Number of protein chains: 4
Amino acid sequence: MGLTIGVDIGGTKIAAGVVDEEGSILATCKVPTPDTPEGVIDAIADAVRTVSEGFEVEAVGIGAAGYVDDKRATVLFAPNINWRHEALKDKVEQRVGLPVVVENDANAAAWGEYRFGAGQGHDDVICITLGTGLGGGIIIGNKLRRGRFGVAAEFGHIRVVPDGLLCGCGSQGCWEQYASGRALVRYAKQRAQATPENAEILLGLGDGTVEGIEGKHISDAARQGDPVAIDSFRELARWAGAGLADLASLFDPSAFIVGGGVSDEGDLVLDPIRKSFRRWLVGGQWRPHAQVLAAQLGGKAGLVGAADLARQG
Amino acid sequence: MGLTIGVDIGGTKIAAGVVDEEGSILATCKVPTPDTPEGVIDAIADAVRTVSEGFEVEAVGIGAAGYVDDKRATVLFAPNINWRHEALKDKVEQRVGLPVVVENDANAAAWGEYRFGAGQGHDDVICITLGTGLGGGIIIGNKLRRGRFGVAAEFGHIRVVPDGLLCGCGSQGCWEQYASGRALVRYAKQRAQATPENAEILLGLGDGTVEGIEGKHISDAARQGDPVAIDSFRELARWAGAGLADLASLFDPSAFIVGGGVSDEGDLVLDPIRKSFRRWLVGGQWRPHAQVLAAQLGGKAGLVGAADLARQG
Amino acid sequence: MGLTIGVDIGGTKIAAGVVDEEGSILATCKVPTPDTPEGVIDAIADAVRTVSEGFEVEAVGIGAAGYVDDKRATVLFAPNINWRHEALKDKVEQRVGLPVVVENDANAAAWGEYRFGAGQGHDDVICITLGTGLGGGIIIGNKLRRGRFGVAAEFGHIRVVPDGLLCGCGSQGCWEQYASGRALVRYAKQRAQATPENAEILLGLGDGTVEGIEGKHISDAARQGDPVAIDSFRELARWAGAGLADLASLFDPSAFIVGGGVSDEGDLVLDPIRKSFRRWLVGGQWRPHAQVLAAQLGGKAGLVGAADLARQG
Amino acid sequence: MGLTIGVDIGGTKIAAGVVDEEGSILATCKVPTPDTPEGVIDAIADAVRTVSEGFEVEAVGIGAAGYVDDKRATVLFAPNINWRHEALKDKVEQRVGLPVVVENDANAAAWGEYRFGAGQGHDDVICITLGTGLGGGIIIGNKLRRGRFGVAAEFGHIRVVPDGLLCGCGSQGCWEQYASGRALVRYAKQRAQATPENAEILLGLGDGTVEGIEGKHISDAARQGDPVAIDSFRELARWAGAGLADLASLFDPSAFIVGGGVSDEGDLVLDPIRKSFRRWLVGGQWRPHAQVLAAQLGGKAGLVGAADLARQG
């Protein structure tokens, strides 16, 4: 099979791209994400038609946040868009006249990294995406593992603190409340509130208030040696690494790939995560250790992965 | 392939059995587990030779507690026997003249249940074994998943309580400290100590002291309505079910199989586990629920599973 | 000294009452709580003048949520009203021409119960108020203990779960997030969401939705045997009793008094709290146990206590 | 009253000393702690007689680990010596012919520091003793507060981690499992096991093995910059400071005094505790902060305090 289209549905933008067999993106377009469920489907169809102009395209892969069923056809539940048992595959196929595969966005990103990014050469890889929340994907035996009902790899919602922080999912103590971009900002705000004298650089990068602290300030401040920013990354890494150690006990992969916005900071965040992983790995002296790798495709992993999954049919 | 031998190495006994293609055990023998690493290997060889008398046997599968390498040949680390990087496959093959496959004991038991027990008909099954500790096995896509380095499915050692109970593995807060036969006895002792008037039946079944409480007393007392015993099972189920909910977020299997001595109690322990699982399952209203099934092979699952894995080669 | 006035500043109403030496309320008035800090002070003064009509009154005691300084004059911080270092004593004295004593509202309620309610006859009593949040008061050696700076007995904000639920105070895992009226509603909603079939009575008492569950429904449903409601009270009691056990390790009082709206339910909530307290009390077999008593003055404890503290000067 | 004798009953030695009104020790003697309950009483009497030789002594104060009743006469329970409801006061009075006061050892130490050490000039002081375990004492309004039944200030056994580490008291998650000399050694061992390359200095100070790590090695290694040792002190401080923040919410003292062997390290341990205390103090911006002071009397605090309590009668 030759060219396919990958679609990445984000909270504010829908991105579509024509992708070849090597994972190269030949053309892209972006449109704003409409407000209504039906509007999103129209926008996907429009984006697919626009971007495919001049290309011979054979299939479409769509990455969407939420639960996707085992047939990769229906979105059972999407937290951001009001989709409940939405027959996304059928509706988009009718509009664009191409075979469509729907996939969870973090699964698609994991597949992208496995095929064309940091996961190349590995048979068994676990990916985590540290964005606003925490998503994941499982590759075992060179296959994406979706579970019996399609909703595997919801790493962000394993419970790491009994009776812990409330999560949007309705549960408490979910991993993404402790290891995600949102958690990082919370760590920084709490620490800046308690000890503002250790957050002078950090506060200076924003509007000077604790409330005004944003994620990008924290990385910049950490690079400049701000104690609160550094300690916030350390806290994030403490939870991220401990969780990876649990995933190693469960899956024993050859590599973990850490992607998502937080991981754009590279070794600033990866080195503490590696240390923490090693600190918490059970039986560490008696077993080979998985590598902890930075994702390589950045924000394109989902689009490229979705396109490739469509190619595989 | 026809008949194979399964070997189950326990803390006190080594059991060997001739198993046919339907998982039936045609002959068995048991010998005491020797004290020395080399003694155990001799005992395995003796048991294999004894039990195979009169049968035409094609291979041997050995289930052992501990880390087994990805070649299913070497025990990297065994907690009970003093094996460290022990070339078990080679040594037994030399002694018995048959091809040998080594497998983690909980993996072997999971495979046994998948092939001949509660897991028949399922493609994606997660097994947990609630014995003295907590072990597990992963079947995805009809294959036993061992991880890249052979040490996957160490469910007992995921961290469910940060800074929690010390575990024999050197870590803290491991699941098996909260969901296992040992945990059940601790729950009962703590409760009987605090409120002996609610543990009259339980205490009456043993020597009358809190220290004398054993696992079998707790099940008997629970059946007779002892409040402390019932509450102890409820506490066990609270942790077991919450952990299964996490495993559902990760693996999304069609079924969980709960085996091990604790599960011999059947619905006395399984019903509360099912309730707790349902209570903690994330996104439960938007997804199909995995079944929670009782294991069917009892203590033979490991032996039968190891034999079948040897048959598969 | 004869008659004094107690003032209780609530979120929606300000109540003032003339109280005699036996703790009897001779007259009361209630006014709505104004929006502005200065407005509240005017309203207090008006209420004092109104209610004192026809009585010879010698002093005023005011109970306010928040931190009150060691001179019982200044509100350092009030969470509900926008008071920051507010000289409440001076401002009210200027308006009403009577000596004024300011006290934390939970402290005032504790004193009321100690003097005229469940605490009579005890020298060392710890009170907790399970209202929307959780407040407390300490009586040791027949004196209200306010701490060196006036802000002792902030029981609601001791940390009972590291990395636990966010609290309005900016911290995490505070006791009041687990033992309070608000916590009770959360427990019921979470359980009704997960297992609606066990919450039929509870849901029937409100508008039929999980979101529509209110505190009063939970008590009514529990009395009617609703499993979710009963389990929600049990969870509340688990945390309340464990916290009392900690307070016993710290203060070793002869009695705990449990007040606040939640405690209006009497033994429905107190019996499980007593059980839980006993379950968690450290060294319980080697020491006399404190009694766990229901408060007797209901919502008047704060007003009566503030008046009496003003009498004592 | 003039001279009194203080007795400090330790696990290996019993120390007695003649103490004057300024808290100066005029004479001391030490004897090994006998094995039997009765033997200990004889040894106390012998030590008192020996040390009082040549002095006119008016009373004896004895500090003992365990629960002492409200009459300061009977040891209800001693964890180390096999005393259960032991009438220590009567038995020693009969043997030495002087009035005897019995006190919990941590209470006695707290009183010593309050009267002659770091607590001078404070009316409301909370002391914690970070020794092998964690003990405490409460001074409010210039009086030692013992609780209604004599067993207040058992700080070491408040629960800081639900379902946490087992404690010798039978409970789980007790503060002393996380903030004590024993905890410090555990932190160091766990870290040295996981990352021996960061513990080279630490391991070099002992016998080279993780098991051989002792408390004194950790302080020495921390001073020499060993990462594992420094991180172990940081972990200890994390828990100690968070607990002090809780005690501030409860007692609001003007000062905390940190004593016990761990505190001998001075600012090496106190500075991180101060930081952690400030980090976790609820409402820290709206209230005066208690000071966190190092104890001044070292190992003599208990003896001096017990003597002074006897003087006060």
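Colleague: Hi! How many residues does the contact take from chain C and from chain A?

Modeller: Hi! Chain C puts in eight residues and chain A puts in nine residues. Bear in mind that this is a predicted model.

Colleague: Noted. How do the residues on chain C's side divide by class?

Modeller: On the side of chain C that touches chain A there are four nonpolar, three polar and one charged.

Colleague: Which surface do the copies use to meet?

Modeller: They meet through the same surface, because 100% of the interface residues of chain C are also interface residues in chain A.

Colleague: Nice. Let's switch to chain B. How many residues of chain A are in contact with chain B?

Modeller: 35 residues of chain A, and they are in contact with 35 residues of chain B.

Colleague: Which elements of chain A give two or more residues there?

Modeller: Strand S6 (75–77) and helix H7 (227–251) of chain A do. H7(A) gives the most to that side, with five residues.

Colleague: What classes are the residues on chain A's side of that contact?

Modeller: The side of chain A that touches chain B has 20 nonpolar, six polar and nine charged residues.

Colleague: OK, inside a chain now. How is chain A divided into domains?

Modeller: Domain 1 covers 3–111 + 300–312, and domain 2 covers 121–295. The C-alpha centres of these two domains of chain A lie 27 Å apart.

Colleague: What about H3(B) and H9(B), at what angle do they pack?

Modeller: Helix H3 (residues 105–116) and helix H9 (residues 301–312) of chain B pack at about 85°, with axes 7 Å apart. That makes H3(B) roughly perpendicular to H9(B). Among the residues that meet are Trp111(B) and Phe116(B) in H3(B), and Val304(B) and Leu309(B) in H9(B). Their contact has nine nonpolar, three polar and four charged residues.

Colleague: On to sheets. What is the order of the open sheet of five strands in chain A?

Modeller: The order is S11-S10-S9-S12-S13 (chain A), and the pairing is mixed. Strand S11 (143–144) and strand S13 (291–294) of chain A each have a single partner strand, so one side of each is left without a neighbour in the sheet.

Colleague: Are S9(A) and S12(A) parallel or antiparallel?

Modeller: Strand S9 (residues 125–130) and strand S12 (residues 255–259) of chain A pair in the parallel sense, over five bridges. One of the bridge pairs is Val125(A) with Ala255(A) in S12(A).

Colleague: Which helix packs on that sheet?

Modeller: Helix H8 (residues 267–280) of chain A, which touches S12 and S13 of chain A. The direction of H8(A) makes about 165° with that of S13(A).

Colleague: Last one: in what order do the three strands of the open sheet in chain C come?

Modeller: They run S5-S6-S7 (chain C), with antiparallel pairing. Strand S5 (67–68) and strand S7 (84–86) of chain C are the edge strands, each pairing on one side only. Two bridges join S5(C) to strand S6 (residues 75–77) of chain C, and Val68(C) stands opposite Val75(C) in S6(C).

Definitions and conventions. Residues are numbered from 1 along each chain as its sequence is written. Chains are lettered from A and ligands numbered from 1 in the order in which they are written. This is a predicted model: local features need pLDDT of at least 70, side-chain atom pairs count only at pLDDT 80 or more; totals for chains, interfaces and linings use all residues. Domain bounds come from an automatic or database domain assignment. Two residues are in contact if their C-beta atoms, placed from the backbone, lie within 7 Å. Two strands pair if DSSP finds at least two bridges between them. Helices (H or I, at least four residues) and strands (E, at least two) are DSSP runs, numbered from the N terminus. Axes are lines fitted to C-alpha atoms, for helices over the stretch in contact, and angles run from 0 to 180 degrees between N-to-C directions. Ala, Val, Leu, Ile, Met, Phe, Trp, Tyr, Cys and Pro count as nonpolar, Asp, Glu, Lys and Arg as charged, and the others, Gly among them, as polar. Angles under 35 degrees count as roughly parallel, over 145 as roughly antiparallel, 65 to 115 as roughly perpendicular and the rest as oblique.
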